[in-house]
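Welcome! Please take a moment to look over the sequence and the 3D view before reading on.

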Protein chains: 2
Amino acid sequence: MIVNFAQRAHNMNYETDYIVRSLLDTDWYKLAMLQFIWKHFRGTRVRFSLINRSRSVRLAEIIDEAELRRQLDHVRSLRFARSELVWLAGNTFAGKVGIFDPDFIAWLRDDFRMPEYTLSKADGQWRLDFEGPWELVTMWEIYALSIINELKTRAGLKGMSDFELDILYAKAKAKLWGKIERLRGVPGLKLADFGTRRRHSFLWQDYVVRALRDELGEAFVGTSNAYIAFRNDLEAIGTNAHELAMVLAALARTPAQLKASQYEVLRLWQETYGGALLIMLPDAYGTTQFLRDAPDWVADWTGMRIDSKNPYVAGDEYIAWLESRGRDPRHKVVIPSDGLDVDDILGLHAYFGGAIADGLAPGDFKSARDFLDPSKWTPGVRIRDSEGWGTLATNDLRGCHPRGLAVLDPLSLVCKVSAVEVDGAWKPAVKLSDNYTKATGPADEIARYREVFGADGVENAPVVV
Amino acid sequence: MIVNFAQRAHNMNYETDYIVRSLLDTDWYKLAMLQFIWKHFRGTRVRFSLINRSRSVRLAEIIDEAELRRQLDHVRSLRFARSELVWLAGNTFAGKVGIFDPDFIAWLRDDFRMPEYTLSKADGQWRLDFEGPWELVTMWEIYALSIINELKTRAGLKGMSDFELDILYAKAKAKLWGKIERLRGVPGLKLADFGTRRRHSFLWQDYVVRALRDELGEAFVGTSNAYIAFRNDLEAIGTNAHELAMVLAALARTPAQLKASQYEVLRLWQETYGGALLIMLPDAYGTTQFLRDAPDWVADWTGMRIDSKNPYVAGDEYIAWLESRGRDPRHKVVIPSDGLDVDDILGLHAYFGGAIADGLAPGDFKSARDFLDPSKWTPGVRIRDSEGWGTLATNDLRGCHPRGLAVLDPLSLVCKVSAVEVDGAWKPAVKLSDNYTKATGPADEIARYREVFGADGVENAPVVV
């Protein structure tokens, strides 16, 4: 029996792993957005806030304050490593080399430091706020989320025996494999890992990503996690997020500017990245009004990410809109990304891929077998689809706890821009979304936004007779 | 990252693990029988033969000859280690210290060597025969079975990727845990691992045994594997096997001696072990005739192992017989051991433990919950029961292969005494069993035995009008 004395000594003396091992351990789109912010909005002051929508899980009773501070402080001590910057500067992203400006890379190297945080406790929850220049504060979103999620995971693992831990991960792996089995061999399927922010742990996301790469081949197009992409030579994948529209909306001074701000985001993005990365996220203030009132050049964008709307409905709406604007949907792409699991991924791919014959529903597609069954196939792709698989890829250990506990179930935890400084005063950031009940922001501000954007096509909107 | 260079170098250069790591890596009852044979039948020449009843699995095409010989030769090079002999001599077995005679221990140390084997190929199967003194040859049974089974396992693992191996064992562990979950907390349950001979691998049996020990507590009474018991400070469990009755039957010279030989085994066993280990195995030539014609002292034995008969029927028959002989069944024990899995274990325990109220069948008992439900319980143990859990404890990876293959499914492989030398000539060994179709031996010999023993209570016996 060979004893690794160094390993044993290391295990005895080593502090628990840091959760964020590198500043690259974030969604790659945060870096794309960072350059956008750095170019166009440097110095704009914003506030990001952490919100646990799963209020019954009292995180402040689960996660120790000292450990939380230790993890957050560690992120503040991190710098981009030389090899990481070389990768950002020299790697191909979205089909393009040199997507990051040398000046931006130099700024990341010389000036980028994670700013302070404010931690307090209320109602059994950790209150975590980040205030400062947008081009620094924005980066807290993913680091904070993965820290909180993984500390909750570690608390859930505490007290389990070696054997229970072994069984937990055995069951989790078996569950993952069951999902992969259903996805393997589906013609034309494309999916990416979007699961950084709500992952079970860094190591588990890394495992899941490598499993998807090894087993799904071409169908796995990459990961949103820049660090995991970097370390495994995978494609880093990403679009952009609501914070861009929300900050620009907060900065608008008139109703007309507010209405126009949602397109101004796209105009500036396009200016920043040219023909690359032209995937819009139109649901911040309602997809229907966004598409209806969009300038014609918006229809030239490559595709649309679908978030708060039923993705079948949203995709149909996008297809009809493209046709009304004289564009061929078959050259465009939809990227559904909201809480998907295997059923949704297969169903959406069947629906948009034109696999569904008369009398069948998307839910009838359960695995590659169904896609290969000619009786179920009405040839003709309606629009290309590429699915973003998030929480239920990297944090689905539901049912795996050996004692049947739910302590490892995923949380609905977000970290969003909550306010923007305008003329020296904090102005709330607002999102309406495609679901009336999911609007965020103070009630009076939401009402003001609704007057500008309306509620066409928004789910759960009150009926006014 | 700490690199264990020694481990890496070791892994690069090391030959595959030997399957049999110690002469103790056998069922403990082989050692109890070995002492019995050594005391009473030293020098009796026998032949053991390997038979693969799963003929569709062509083992000679799966297992490489050189590797098979390497493993068998390795067993021949093994000697009992000093610490192993100290354990055999000093440990408590079946509640008694010093069950092994110092002279027997000395013989194990000084004279015991595994004898030769004969290997040949026929019909896609390995033909493996062992001839020589019974007190040496008998030990080949378990070593040969675990070697063949594990070489088949290794062939099944070959060509699997790291990830597939990881998933295979993840699924196997999840499956094992599912079984343990159902067994945990059942009042009065007693079970032992009887799975050495058909295990998936040594390491897997060791894992399963430690899992059962950690999770089932008092309900897990021990393992049949002497080496695993020794290394983990567990109770070594065992009764005795058909080979005793079969060799004594072959040595009988008259029909009366043949009929009496099945009780002579018990008389000699009792003489050898005193009050310990008095578990009979009455089905070699039919349980019904065995009990009916048994001398009265047989009813003083502690219990009965149930093998080839439906265990519910056999237990009822034993209970009725004990009552007819004026013994209280509640002080006796039945040990069912033939191909049990969780359903059988729970069902048999409910049936003999008196847990079943009117209108319920043993199959209605699915977990501890049912045993704790008073509506299902008619108090009153009918007879104590202790289950021997074999192949489906240590080799149930059915459904776990990541590609859905059956190559790791367990085989029906046995290694039995096939002939005994009497007056310089080989006489076939015969077993009738409690199932007419499961008799083993040449047809004329079976017929001769049936004349002596009859077919009362034997399943599938032809009806003579």
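Here is a short briefing, grouped by topic.

This is a predicted model, in which local features need pLDDT of at least 70, side-chain atom pairs count only at pLDDT 80 or more, and totals for chains, interfaces and linings use all residues. Residues are numbered from 1 along each chain as its sequence is written, while chains are lettered from A and ligands numbered from 1 in the order in which they are written.

**Overall build of chain A**

- Chain A contains 19 helices and 14 strands; helices (H or I, at least four residues) and strands (E, at least two) are DSSP runs, numbered from the N terminus.
- With a radius of gyration of 22 Å, close to the 23 Å from the globule rule for 465 residues, chain A is as compact as a globular protein of that length. The radius is taken over C-alpha atoms, and the rule is 2.2 Å times the number of residues to the power 0.38.
- The C-alpha trace of chain A spans about 70 × 65 × 50 Å along its principal axes.
- Of the 465 residues in chain A, 45% are buried. A residue is buried if 20 or more other C-beta atoms lie within 10 Å of its own, exposed if 12 or fewer, and partly exposed in between, with C-beta atoms placed from the backbone.

**The nonpolar core**

- The largest nonpolar core has 264 residues, and those with the most contacts inside it are A:W140, A:V247, B:W140 and B:V247. Such a core is a set of buried Ala, Val, Leu, Ile, Met, Phe, Trp, Tyr and Cys residues joined through C-beta atoms within 7 Å.
- Not counting residues up to four places away in sequence, A:V247 touches A:T44, A:V46, A:W134, A:V417, A:V420 and A:A429. Two residues are in contact if their C-beta atoms, placed from the backbone, lie within 7 Å.
- A:A144, in helix α8 of chain A, is buried because 25 other C-beta atoms lie within 10 Å.
- Beyond its neighbours within four places in sequence, A:A144 contacts A:L50, A:L128 and A:C415.

**Two domains**

- Chain A is assigned domain 1 (16-160 + 409-429) and domain 2 (162-394); the bounds come from an automatic or database domain assignment.
- In chain A, 42 residues of domain 1 are in contact with 35 residues of domain 2.
- On the side of domain 1 of chain A that touches domain 2 of chain A, α2(A) gives the most, with nine residues.
- By class, that side of domain 1 of chain A has 24 nonpolar, ten polar and eight charged residues. Here Ala, Val, Leu, Ile, Met, Phe, Trp, Tyr, Cys and Pro count as nonpolar, Asp, Glu, Lys and Arg as charged, and the others, Gly among them, as polar.

**Strands and turns**

- Strand β1 (residues 45-52) of chain A runs antiparallel to strand β5 (residues 125-133) of chain A, joined by five bridges. Strands pair if DSSP finds at least two bridges between them.
- A:F48 stands opposite A:F130 in β5(A).
- Strand β4 (residues 118-122) of chain A is also antiparallel to β5(A), again with five bridges, and A:T118 stands opposite A:D129 in β5(A).
- The hairpin of β4(A) and β5(A) has two residues between the strands, and A:D123 there takes a positive phi near 55°.
- A:D423 has a positive phi near 50° although it is a residue other than glycine. A:D423 counts as exposed because it has 6 C-beta neighbours inside 10 Å.
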